[in-house]
Amino acid sequence: MSPDFEPEVMEFRDRLAREAEEGGYHLNPDDEMILMLAEGLLVNRRRYGYLLCPCRMGEGEMEKDLDIICPCDYRDPDLDEYGQCYCALYVSREVLEGRKELEGQIPERRPEPEELERKKAEVGRGSSRTPRAAMPVWR
């Protein structure tokens, strides 16, 4: 049985699960882990005003953190390569069905702040190298 969580966290977990399935995604089958991550997302929403990934250090400024607002820009490539996103909130069908184990900690895809600023500047100049997610990222 999961430890006690506030009703708000339980409701948010249910919303995350519903939205994930509606979008063709799957949440980690470990309910306790989902609840801990949901709690972290809610803490960050209260702290910053947006759903900053609970497994990353953000800048605390929405404009600088857009790529790591859950679901983050790196979710789809992480799911494709590792079967899970960075914080393991989202998992592949293979993980969900028990045909693949979670990797544990996977490499961070988010560039260092300097590299991120350089890429944003390129996009602002009309670079065609803008990364695209396989599926839309809703914010």
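Leaving out residues up to four places away in sequence, E21 touches H26 and L27, where contact means heavy atoms within 4.5 Å. E21 sits in helix α1; helices (H or I, at least four residues) and strands (E, at least two) are DSSP runs, numbered from the N terminus. With 47% relative accessibility, E21 counts as partly exposed. On this scale, buried means under 20% relative accessible area, exposed means over 50%, and partly exposed lies in between (1.4 Å probe, protein chains only).

A word on the model itself: it is predicted, so local features need pLDDT of at least 70 and side-chain atom pairs count only at pLDDT 80 or more, while totals for chains, interfaces and linings use all residues. Residues are numbered from 1 along each chain as its sequence is written, and side-chain values use heavy atoms, with hydrogens and water left out.

## The overall layout

The protein chain has six helices and two strands, arranged along the sequence as α-β-α-α-α-β-α-α. Of its 139 residues, 37% count as buried. Taking contacts between residues at least 6 apart in sequence, 51% join residues at least 24 apart.

The accessible surface of the chain is about 8600 Å², and carbon and sulfur atoms account for 51% of it. Such areas come from the Shrake-Rupley method with a 1.4 Å probe, and for residues only the protein chains shown count as cover.

In soluble globular proteins, nonpolar side chains tend to be buried together.

Setting aside neighbours within four places in sequence, L41 is in contact with F12, L16, L51, L52, C53, P54, C70 and L89.

## Helix α4 and what follows it

In helix α4 (residues 75–82), the buried residues are R75, D76, D78, L79 and Y82. They lie on the same side of α4 because they cover an arc of only 165° around the axis, the arc being that of the directions from the helix axis to the C-beta atoms. Strand β2 (90–91) is included in what covers these buried residues.

Just after α4, G83 takes a positive phi of about 80°. At 4% relative accessibility, A88 counts as buried.

## A cis proline and a cavity

P71 lies in the loop between α3 (62–65) and α4. The peptide bond from C70 to P71 is cis, with omega near -5°.

Both C70 and P71 also belong to the lining of the largest cavity, together with C53, R56, I68, C72, R75, C85, Y86, C87 and Y90. A search of the whole structure finds one cavity of 30 Å³ or more, and about 60 Å³ of space lies in the largest cavity. On a 1 Å grid over the protein atoms alone, a cavity is a set of points where a 1.4 Å probe fits but cannot get out, and lining residues have an atom within 4 Å of a point. Grid points are joined across faces, edges and corners, and the volume is the space filled by probe spheres set on the points.

## Links across the sequence

L96 belongs to helix α5 (residues 93–96) and is partly exposed, with a relative accessible area of 33%. Beyond its neighbours within four places in sequence, L96 is in contact with H26, L27, P29 and V91. The C-alpha atoms of L96 and D30 are separated by 9.5 Å, although the two residues are 66 residues apart along the chain.

E108 is found in the loop between α5 and α6 (113–124), and its relative accessible area of 35% makes it partly exposed. With neighbours within four places set aside, E108 is in contact with R56 and Y86. Its C-alpha atom is separated by 9.8 Å from that of C85, 23 residues apart along the chain.

Note on methods. 1 Å grid on protein atoms, 1.4 Å probe; cavity = no way out; pocket = protein on both sides within 12 Å on 5 of 7 lines; lining within 4 Å.
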